Amino acid sequence: MLNTIIFTPFIAAIVIAIFAHQKNGIARIASLSICTLTFFFILGIAFSLSDIISTVTVSRPWIQSLGITYQLALDGFSLVMILVSTFIAMMSVLVAWQSIHRWDIFGPLLLMTLSGLLGVFLARDMILFYVFWEVMLIPLYFMLTQWGSQQSHHAATRFLLYTITASLFMLIGIICLYIQVGRDTGVYSFAFTHLLAAPLSDNSLWIFLALFIGFAVKVPLFPLHLWAPDTYKEAHPAVTILLSGAMANAGVYGILRICTFVSPLSLTTLSNTIMGLAATGAIYTGLIAYQQNNLRSVAAYSSISHMNLAIMAIFAMQLQAINGSMLQLVAHALSITGIFAIIAMLAARGFDGELDEMGGLFKPMPKLGAMLLFFFIASAGLPGLGNFASEILILVGSYQTSPLWAAFAAISIVIGIAYFLRCYERAMLGPIITSSIEPDNKTHTHLSDLHWREMTLLSLLVIAILWLGISPDTFLQPLHNAVTHIIEYNVNALRGH
Amino acid sequence: MNSLIWLIPGAPLIGAGFIILFGSLISAQICARMAALMVLISATLVLSLWVELLGQANTTVPNAILYHQALFSWMSIGDWKVDLSLTVDKISLIMMTVASSVGFLIHLFSINFMKDEQGERRYFFYLNLFIFGMLSFVMAHDLILLYLGWEVMGLCSYALVAFYYQKSHYAYCGRKAFVVTRIGDTALAIAIMVIFANFHSIELPQIATLIDAQQINPISLTLIGGLLIIAAIAKSAQFPLHVWLPDAMTGPSTVSALIHAATMVTAGVYLLIRFHPLFDQLPDLQLIIAFIGCLTAFFAASAALSQNDLKKILAYSTISQIGYMFAAVGVGAYGFALFHLIVHACFKALLFMSSGVIIKAYNEEHDIRKMGGLGQKMPFLRYIYLIGSLTLAALPFVTASYYSKDPIIAATYTQDFGFYLTALALLGALMTGLYSMRMYLMIFSGTPRSEIHPYAMSIGMKLPLTILAFLSITIGFIQTPWSWGPELLIPWLASDLGLPHLPHGAIDVTINLLGIAASLIGIGLACYLTPKELKHQQGLGNVAFLNQAWYIDALSMKWIVTPYYYLCSLCRVFIEKVVFFHVIESSITGMLITGHRSLSRSQAGLITRYLYFICFGAIGLLAYILMTIYPIHA
């Protein structure tokens, strides 16, 4: 079953690439239907697994001489993550629907990324995890370079360099971990159950740091975020959705799934530093977002700001905080997808996000304006919507560990609303900028309000955000075991120390 | 009855939801009527709670929860259990009554007032959502629902203040309102964090019980109290976070009525009253609240003296009147704070809604110096407005404000530094009389100074005004200071809020007389000064220091907003661009490039050098292999 989940998109990608060559329409529909199919398949699993504790696993030997196995498993945390990832991929296809003209290439690349992502969330062997990690990244690089603004090559190169360096750190971390655990126990194996069963005896801080940096670049944690703002801005919004909505989640997932088990002692030692770094990052990027003159940059920096909160919560190593961190992945993915989806819709109407060229757009496009306000205030953490549920957990939980940093991070509540409203005001309110009304040659029809496909897309996101905000328990229930496991493991390890 | 509690905040929410989902299918007027109907349902339910309650004799149990309805479990993680539920006790019942009844009257008035405005559906959507926010705020059983209502009001205030969004300045004012009040929201969020860390509960009754048990360390309590005060002053527009309110006048006048009377700005007062067990234990914080309150009452009244924009006068008057409520909270006279809140809601809603009509009659003119002579053209409005202005001025014995405000002034004397507090409050009262009558006289008396377009008010607009005018006079008599008069409110609230300390004997009489004098002198001064000002074109309206409200707004721009902007620039330009990109990233790439160059230089095509490399490499490798096979044992 897990193989089906991972390889349906993978095989579909190959099939589309081969058989739908030059057939844009077919490739597009095929991509969407594969994503939708996978989504409903996972949804079906979510509903049928009444007892989440019973995990579904696949385990086969792979390269036995090195102790590498082909292991997949599904638990509540993975389930939520693959569900969100597939949903985001589906949204990404819909966002890209009309602006991409080479679906026979774009579709397979997107499906390949999705397949890698699903693999990352399901893999239970370090090497397998790493393989899927790279499978998910490489198609993204091509999507970045092929579909984006003129400057996207530069951004893509920076993205690639950061990513490869981070992967290198991760690989070194994995190998050192493998050797260290092998020395400790006498058994050499890459399986999670083996590597992450007990805290390391030696060299733990360095291995922890190597792995942590590998993941933190993806999130991206301040100050490793330098690749993100430009990449998010220059990429096609559909790709940015994948990057910020799904890829960043993989980074946090890695920290939660792997780093927290490697060395509880290092985690505690670094706790204050990283919490401070993440809280500073959340504020710092919020301040920068206030001065951006491009809607895309505002969204990019806000995304970084929110993901930093998720990292802060992990290092609080506290029940509510970890729950909040996992929930933040879902909430952030949904709201940032909404914002970038609207950016794509504005792009289809001839606005590339420059705030100076917009203004007063609420008047011709009230639905779009209302939707943008919704996603902005959802991102800014208005109660009743998704992000609030996660952020209040993060803040309340982190406060128990570090009152200083939690209170400091709470300032992002006011900073968030400041940059979002400034951006909204410049884009949507005020008098209509004449240049936006009279484009060079086209008629006024480009300022039409949302049509049904866009409306459906955004409504799905709105429903998801409302659902998450009103009933976060539906998402928190499946996460329960994973969180308890992390907390108990860390508490016991420290007690034993 | 108990099972229908959810419908009280629920009905406006349903209305809002309906408008946003199906509003485009039906006419805007039907949306408007339905919105009003939804609030009417809430108001009727609240009134029926009163009826049911007054039928019961047993209402003296301390902190009795009169009604309670569980909604659903929102979250449950460890000891963080959030089971959303609604609670009605005496304090919240009063607030619910004000919010729903006055809210309904404003809706009713709006149906005609906002007719054919662009964005009518949007207006009623936010109006309904606003009432939902306030009702869920006051009925919240736990801090999460309370925070929800609190924030929803912030959002609605933004959307409604920026209702005419096509003017850049209006959009800016809306943003200012949201951002400044969000400073308070942040404080409230941090307060929730501290409360949970200390109490392990976020349910309000349990927090109150734990505070009474006095087991929490006083530093945490002080921290919580301080954060709550910041939250309250931001939401209730108290000094120095009042700057958003005078600018929040850009929405329709009915919105101002809603923000000032039924919802929003009274939320801060309610928050402090809700946490009164906490403040009862922290006399220092109480003194701070009292001082903020009296100072604001004085400051805002002085600023109102010199305003020429009709709505700005009313805005500063709200700040000033809320200041009196804060003063009451600060001296432990919680009952009187609530009493004044009720009275203020009545006359302020009245004044704002009428001012909307006045401004329409003068063709969107806001400057009262250009008005005048409206009394002959619109006599009904004149009498209504006179009642409102006199109640604002607290005309002794007749108006309700006298019965609610003067005891507060008297009560301030019992606090430490009571003399100064009372002096500030009395001076504020004097100026209140002056500015409110100056406003009235400038609009209604004399000859028209600009063209009047008489505005025909429908019965749907006159009715709410009449009801509010009636209440502005009569509601005071439920709580009179005399032993022979009715005393209904404060003793009824005593089981929850305790009895306020009032001075006795000669001091009481003196302050009371001074209060009467202040009001009368203020009114008298207005009758004397206003004609002079009009005649000489020079007077109160020209005092720049007061007109600019002590330059607080300009100072905050200079010392807070501009530095914030510089801080953002510092991050964006210096740290991000220079330090991170140019110094750190470039130096790393520089190092890599240097390394790469020196490596490639070694590939110079010199066979001899390659041979050396091969030889050394082979020897090294050989040595390594030998050493692993025959390890050296030292």
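## The surroundings of B:Pro500

Beyond its neighbours within four places in sequence, B:Pro500 touches B:Gly332, B:Ala333, B:Phe336 and B:Ile490. This picture comes from a predicted model. The proline sits in the loop that links helix H21 (489–497) to helix H22 (505–536) of chain B. With a relative accessible area of 15%, B:Pro500 falls under the 20% limit and so counts as buried.

For a sense of distance, take B:Phe104, which is 396 residues away from B:Pro500 along the chain. The C-alpha atoms of these two residues are separated by 32 Å.

## Chain B as a whole

Stepping back, chain B contains 25 helices and two strands. Its C-alpha trace spans about 115 × 60 × 60 Å along the principal axes. Of the 634 residues in chain B, 58% are buried. If you look at contacts in chain B between residues at least 6 apart in sequence, 80% of them join residues at least 24 apart.

One stretch of chain B carries an annotation. An unreviewed UniProt entry places the feature "domain: NADH-Ubiquinone oxidoreductase (complex I) chain 5 N-terminal" at residues 74–124 of chain B. In the model, residues 74–124 of chain B are 57% helix and 25% strand.

## Helices H6 and H8 of chain B

Now for a helix pair. Helix H6 (residues 168–199) and helix H8 (residues 218–235) of chain B pack with their axes 7 Å apart, at an angle of about 155°. An angle over 145 degrees counts as roughly antiparallel, so that is how H6(B) and H8(B) are related. Their crossing is left-handed.

Which residues bring H6(B) and H8(B) together? On the H6(B) side they include B:Val180, B:Gly184, B:Asp185, B:Leu188, B:Ala191, B:Ile195 and B:Phe199. On the H8(B) side, B:Ser220, B:Leu223, B:Ile224, B:Leu227, B:Ala231 and B:Lys235 are among them. Sorted by class, the contact of H6(B) with H8(B) has 16 nonpolar, four polar and two charged residues.

## Helices H4 and H10 of chain A

Helix H4 (residues 103–122) of chain A packs against H10(A) at an angle of about 15°, with the axes 10 Å apart. Because angles under 35 degrees count as roughly parallel, H4(A) is roughly parallel to H10(A). The crossing of H4(A) and H10(A) is left-handed. From H4(A), the contact uses A:Phe106, A:Leu110, A:Thr113, A:Leu117, A:Val120 and A:Phe121. From H10(A), the partners include A:Ala238, A:Leu242, A:Met247, A:Asn249 and A:Tyr253. By class, the contact of H4(A) with H10(A) has twelve nonpolar, two polar and no charged residues.

A:Thr260 also belongs to helix H10 (residues 237–262) of chain A. Is A:Thr260 buried or exposed? Its relative accessibility is 0%, so A:Thr260 counts as buried. Leaving out neighbours within four places in sequence, A:Thr260 is in contact with A:Ile255, A:Leu267, A:Ile314, A:Met317, A:Ile486, A:Tyr489 and A:Asn490.

## Backbone details to check

Most peptide bonds are trans, and most residues other than glycine have a negative phi. Here are some departures from that pattern. In chain A, the peptide bond from A:Phe222 to A:Pro223 is cis, with omega near 0°. A:Pro223 is placed in the loop between helix H8 (204–216) and helix H9 (228–234) of chain A. In chain B, the bond from B:Phe239 to B:Pro240 is cis, again with omega near 0°. B:Pro240 lies in the loop between H8 and helix H9 (244–247) of chain B.

Where in chain B do B:Ala394 and B:Ala549 lie? B:Ala394 is in the loop between helix H17 (379–393) and helix H18 (400–412). Its phi is near 60°, a positive value in a residue other than glycine. B:Ala549 is in the loop between helix H23 (544–547) and helix H24 (552–602), and has a positive phi of about 50° although it is not a glycine. With a relative accessible area of 4%, B:Ala394 is buried, and B:Ala549, at 3% relative accessibility, counts as buried too.

Technical notes. Residues numbered from 1 in each chain as written. Chains lettered and ligands numbered in written order. Predicted model: local features only at pLDDT ≥ 70, side-chain atom pairs only at ≥ 80, totals over all residues. Heavy atoms only, no water. Helix = DSSP H or I, 4+ residues; strand = E, 2+ residues; numbered from the N terminus. Buried < 20%, exposed > 50% of the residue type's maximum accessible area, 1.4 Å probe, protein only. Contact = heavy atoms within 4.5 Å. Axes fitted to C-alpha atoms, helices over the stretch in contact; angles between N-to-C directions. Parallel < 35°, antiparallel > 145°, perpendicular 65-115°, else oblique. Left-handed = near helix turned anticlockwise from the far one by under 90°. Nonpolar A, V, L, I, M, F, W, Y, C, P; charged D, E, K, R; others polar. UniProt positions renumbered as here; feature names shortened; annotations may be inferred.
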